[in-house]
Amino acid sequence: MQRTEKRVPQRKCVGCGEMIGKKGAIRIVRDKDGNFSVDLTGKKSGRGAYICNDINCLELAKKGKKLERSFKCQVPAEIYDELEKELIENK
């Protein structure tokens with residue numbers, strides 16, 4: 001029996017549009033109640049969108065209102081601030 005390589009889950013970055021590994025991305029989640037949060041574990045329940053670990057991708061997403069388009073509603077400024085803080089810390 002041959003061993004097959006384990007497939008790495010791919011997600012599309014809302015900022016740059018590139019396909020990236022799930023582990024190399026930060027997930028933004030909107031739960032059933034409409035509350036947003038940054039999910040570093042990738043396991044929270046709710047609708048999710050992914051962004052690269054790159055401050056430039058965050059700027060592209062913010063400028064083009066790409067998170068709003070992904071969630072089909074307004075994303076609070078606190079989420080952008082929290083994302084920026086995470087990206088700066090993880091650099």
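How many aromatic pairs does a search of the whole structure find? The search finds one aromatic pair, where rings of Phe, Tyr and Trp (its six-membered ring) pair if their centres lie within 6.5 Å, and planes under 30 degrees apart count as stacked, over 60 as edge-to-face and the rest as tilted. The ring centres of F36 and F71 are 5.1 Å apart and the ring planes stand at 80 degrees, so the pair is edge-to-face. Distant parts of the chain are linked by this pair, since F36 lies in strand β4 (residues 36-39) and F71 in helix α2 (residues 66-71), 35 residues apart. Both F36 and F71 are buried (under 20% relative accessible area, with exposed over 50% and partly exposed in between; 1.4 Å probe, protein chains only).

The model is predicted: local features need pLDDT of at least 70, side-chain atom pairs count only at pLDDT 80 or more, and totals for chains, interfaces and linings use all residues. Residues are numbered from 1 along each chain as its sequence is written, and side-chain values use heavy atoms, with hydrogens and water left out.

The protein has three helices and five strands, which are DSSP runs numbered from the N terminus (helices H or I, at least four residues; strands E, at least two). Along the sequence these elements follow the pattern β-β-β-β-β-α-α-α. A box of roughly 50 × 30 × 25 Å, taken along the principal axes, is filled by the C-alpha atoms. Of the 91 residues in the protein, 34% are buried.

An open sheet is formed by three strands in the order β4-β3-β5, with antiparallel pairing; two strands pair if DSSP finds at least two bridges between them. The edge strands are β4 and β5 (47-52), each of which pairs on one side only. On average, neighbouring strands of this sheet are turned by 25 degrees against each other, direction ignored. Axes are lines fitted to C-alpha atoms, for helices over the stretch in contact, and angles run from 0 to 180 degrees between N-to-C directions.

Strands β3 and β4 run antiparallel and are joined by four bridges. R30 has F36 of β4 as its bridge partner, and S37 in β4 stands opposite V29. The hairpin of β3 and β4 has five residues between the strands, and G34 in this hairpin takes a positive phi near 90 degrees. On the β5 side, β3 pairs in the antiparallel sense over six bridges. Partners in β5 include I51 for I26, A49 for I28 and G48 for V29. Five of the six residues of β3 are buried, so this strand is largely enclosed by the rest of the structure. Strand β5 is mostly covered, with five of its six residues buried.

Pockets were located on a 1 Å grid over the protein atoms alone: a cavity is a set of points where a 1.4 Å probe fits but cannot get out, a pocket is an open set with protein on both sides within 12 Å along at least five of seven lines, and lining residues have an atom within 4 Å of a point. The largest pocket holds about 280 Å³ of space, the volume being the space filled by probe spheres set on the points, with grid points joined across faces, edges and corners. Its lining comprises 14 residues, of which K22, K23, L40, T41 and G42 lie nearest the centre. Strand β3 (residues 25-30) gives the most to this lining, with three residues. The lining divides into five nonpolar, four polar and five charged residues; Ala, Val, Leu, Ile, Met, Phe, Trp, Tyr, Cys and Pro count as nonpolar, Asp, Glu, Lys and Arg as charged, and the others, Gly among them, as polar.

K72 is found in the loop between α2 and α3 (77-89). With a relative accessible area of 76%, K72 is exposed. The C-alpha atoms of K72 and Y50 are 15 Å apart in space, and the two residues are 22 apart in sequence.
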